[in-house]
Amino acid sequence: MVVTTRTRSPIRSNVGLKAVMAVTGIFLVFFLIAHMLGNLKVFSGDSSFNGYAHWLREVGKPVLPGVWFLWFMRIGLVVAAVGHIWAATVLALRARAARPVRYAHRKKVRGSYAARTMRWGGVIILLFVIYHLLDLTTGTLNPVGDPSRPYANVVAGFAPERWYVTLFYTLAVVTLGFHLRHGLFSALRSLGQQTPRGEQRARAVALVFAVALVAGYLVVPFAVLTGLVS
């Protein structure tokens, strides 16, 4: 009798899952940087921002018809986000299963605020992404909701009377900043920054990057909120 054993796919191993998290995380970070730089074009004025938004719909022409490039990007982002969440969830469940016994007087594991709030932070970010798409992509929840007038959509979306939208946007972006700081710090440590001085450098790089990205995203809604952009 021949007994066959099922071997786990390399991608489902802990190393494979961490690789999935790294690759998808890098893809998502590059998108966040590009998206932030595109958002900052709002300071160039109505025509410049609208021109940039319309250019995005024409990338790839005539090889790609219509808005195919945007749809490829959207599908890629969904796949990356799902893969990132899946890998993180599986790794977290395995880590919990590896220590099933909880001691009553066990000291709390020291960890950063970001590390302790990754789960609910992910929920906030997910809810925000859904709202953001309905507001500025489909226009369903936007007071203007005209795809041919993206600048007007941004101004209307973050108008002073819609301060609650800016508040939610701020909460989500700051949460994303904590997530990025923790993720980048962990990545840098995995790449060899494990000495005390290396950890300090990793923390500094992760903090500066996260603060810069958060500031880059928040400057637009607050500029609209305060009337700097109108």
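Leaving aside neighbours within four places in sequence, which residues is Val 42 in contact with? Point 4 picks this up.

1. **What you are looking at.** This is a predicted model, where local features need pLDDT of at least 70, side-chain atom pairs count only at pLDDT 80 or more, and totals for chains, interfaces and linings use all residues. Residues are numbered from 1 along each chain as its sequence is written, and side-chain values use heavy atoms, with hydrogens and water left out.

2. **Confidence.** The average pLDDT (the predictor's confidence in each residue, from 0 to 100) is 85 for the chain, and 88% of the residues score at least 70. Helix H6 comes out highest with a mean of 96, while helix H4 (residues 113-116) is lowest at 53. Over residues 103-110 the pLDDT stays under 50, and the model has 2 contacts there beyond four places in sequence; a contact means heavy atoms within 4.5 Å. Where pLDDT is low, the predicted coordinates should not be read in detail.

3. **Overall make-up.** The chain has 8 helices and 0 strands. Both kinds of element are DSSP runs numbered from the N terminus: helices are H or I with at least four residues, strands are E with at least two. Of the 230 residues in the chain, 30% are buried. Here buried means under 20% relative accessible area, exposed means over 50%, and partly exposed is in between (1.4 Å probe, protein chains only). Among contacts with a separation of 6 or more, 68% come from residues 24 or more positions apart.

4. A nonpolar core is a set of buried Ala, Val, Leu, Ile, Met, Phe, Trp, Tyr and Cys residues joined through side-chain atoms within 4.5 Å. The largest one has 25 residues, and Val 42, Val 154, Tyr 169, Tyr 217 and Val 229 have the most contacts inside it. Two or more residues come from each of helix H1 (14-39), helix H5 (118-137), H6, helix H7 (163-190) and helix H8 (196-225), with H8 giving the most, 7 residues. Back to the opening question: beyond its neighbours within four places in sequence, Val 42 touches Phe 49, Tyr 151, Val 154, Val 220 and Val 229. Apart from this core lies another of 5 residues, including Leu 17, Val 20, Val 90 and Leu 91.

5. **H6 and its packing on H2.** In H6, 8 of the 8 residues are buried, so this helix is largely enclosed by the rest of the structure. Helix H2 (residues 46-56) packs against H6 (residues 150-157) at an angle of about 110°, with the axes 8 Å apart. That makes H2 roughly perpendicular to H6, a label that covers 65 to 115 degrees (under 35 is roughly parallel, over 145 roughly antiparallel, the rest oblique). Asp 46, Phe 49, Asn 50, Ala 53 and His 54 of H2 meet Pro 150, Tyr 151 and Val 154 of H6.

6. Ala 80 sits in helix H3 (residues 68-97) and is buried, with a relative accessible area of 6%. The C-alpha atoms of Ala 80 and Leu 28 are 7.0 Å apart, though 52 residues separate them along the chain.

Note on methods: Axes fitted to C-alpha atoms, helices over the stretch in contact; angles between N-to-C directions.
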